[in-house]
Each structure stands twice: as C-alpha cells, then as structure tokens.
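Here is a briefing on one protein chain. It covers fold layout, helix packing and pockets.

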Amino acid sequence: MIGLGFDCIHEQSAFFQFATVDMPQVDLMRVSPETFEKLLATSETRTALGVETRVPSLDSLLALKIHAARHALPHRRHKDLIDIFALVDANTVDVTSDSFRELCHKYGTAELYADIVKASRRT
C-alpha cells in the first residue's frame, strides 16, 4: 500500500487503515490462514480502479462488520453499525430474515441484532 502512494493512518495488531488524497480509504484486516481460506472460498472477483481483485462475499463482509461491532470500543461501534447499514441498504438485505439473524447471533450478539432491527425500522 505504501508503494502505491498510501499512508498508513492507523495500525493495530490485526487491522490497518491506509489513506491517500486521491483515493478512498482502504481498511485491511489480518486474519488466520483458516479464516482467510473461508473468506477466499466465498469471495467474488471485482474490478476497482482498473484492478481486478477478489473481495469477500456480502455475507462475509457483514459477518466481519458484525464481529467488529461486537468487539468495538463505543466510539468505533457507531462506525461499524453505519457500515452494516450501508451494506444492508446497498444490497437490499432483509434484516429480519433468518440468515441475517443467524449471522448476527453467530458473529455478534442478540442485543446487537435487536439494535439493528430496531434502527432499520426507523428509516
């Protein structure tokens, strides 16, 4: 990322954020080889900025964000919830569906799921 002109603006043991003036911010997460294999198996090929790359499936992205919201500091949880809602809205996900509820219960909490459903009803 540095070689592409990005600056590392935040770094933790498993999470990195890169930014540059010309492009959107990029978040990278370090995961175990087992988790990576699971993500890769369901990933999709997309082209971004003229570069073909593999990206996590919608369910994987939601699971990662739900997991992050579960373990986030209070100031960070809000950002993760905004990201969850952006994914839900952009992909017309029914947050009351069994599959979404199961994702929330597996990677988050029942309380987090209830908060998402409640907030989605207000919009």
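The points below go from the overall layout to the helix contacts and then to the pockets.

This is a predicted model: local features need pLDDT of at least 70, side-chain atom pairs count only at pLDDT 80 or more, and totals for chains, interfaces and linings use all residues. Residues are numbered from 1 along each chain as its sequence is written, and side-chain values use heavy atoms, with hydrogens and water left out.

**Overall layout**

- The chain has 5 helices and 5 strands. Helices (H or I, at least four residues) and strands (E, at least two) are DSSP runs, numbered from the N terminus.
- The order from the N terminus is β-β-β-α-β-β-α-α-α-α.
- The C-alpha trace spans about 45 × 30 × 30 Å along its principal axes.

**Helix pair α2 and α3**

- The axes of α2 and α3 come within 8 Å and cross at roughly 160°. Axes are lines fitted to C-alpha atoms, for helices over the stretch in contact, and angles run from 0 to 180 degrees between N-to-C directions.
- That angle makes α2 roughly antiparallel to α3. Angles under 35 degrees count as roughly parallel, over 145 as roughly antiparallel, 65 to 115 as roughly perpendicular and the rest as oblique.
- The crossing of α2 and α3 is left-handed. A crossing is left-handed if the near helix is turned anticlockwise from the far one by less than a right angle, and right-handed if clockwise.
- From α2, the contact takes in Leu 58, Leu 61, Leu 62, Lys 65, Ile 66, Ala 68 and Ala 69. From α3 come Arg 76, Arg 77, Asp 80, Asp 83, Ile 84, Leu 87 and Val 88. Contact means heavy atoms within 4.5 Å.
- The contact of α2 with α3 has 9 nonpolar, no polar and 5 charged residues. Ala, Val, Leu, Ile, Met, Phe, Trp, Tyr, Cys and Pro count as nonpolar, Asp, Glu, Lys and Arg as charged, and the others, Gly among them, as polar.

**Helix pair α3 and α5**

- The axes of α3 and α5 come within 12 Å and cross at roughly 60°. That makes α3 oblique to α5.
- The crossing of α3 and α5 is right-handed.
- Arg 77, Leu 81, Ile 84 and Phe 85 of α3 make the contact with Leu 112, Asp 115, Ile 116, Ala 119 and Ser 120 of α5.
- By class, the contact of α3 with α5 has 6 nonpolar, 1 polar and 2 charged residues.

**Helix pair α4 and α5**

- Helix α4 covers residues 98–107 and helix α5 covers residues 110–122. Their axes come within 7 Å and cross at roughly 140°.
- α4 and α5 are therefore oblique to each other. Their crossing is right-handed.
- Phe 100, Arg 101, Cys 104 and His 105 in α4 meet Ala 110, Tyr 113 and Ile 116 in α5.
- The residues of this contact divide into 5 nonpolar, 1 polar and 1 charged.

**Largest pocket**

- The largest pocket holds about 2,000 Å³ of space.
- Its lining has 48 residues, and Val 26, Asp 27, Leu 28, Met 29 and Leu 61 lie nearest its centre.
- Elements that each supply at least two lining residues include β3 (26–29), α1 (33–41), α2 (58–71) and α3 (74–90).
- By class, the lining of the largest pocket has 27 nonpolar, 12 polar and 9 charged residues.
- On a 1 Å grid over the protein atoms alone, a pocket is an open set of points where a 1.4 Å probe fits, with protein on both sides within 12 Å along at least five of seven lines; lining residues have an atom within 4 Å of a point.
- Grid points are joined across faces, edges and corners, and a volume is the space filled by probe spheres set on the points.

**Second largest pocket**

- The second largest pocket has a volume of about 380 Å³.
- It is lined by 15 residues, of which Thr 35, Lys 38, Leu 39, Ala 63 and Tyr 107 lie nearest its centre.
- α2 gives the most to this lining, with 5 residues.
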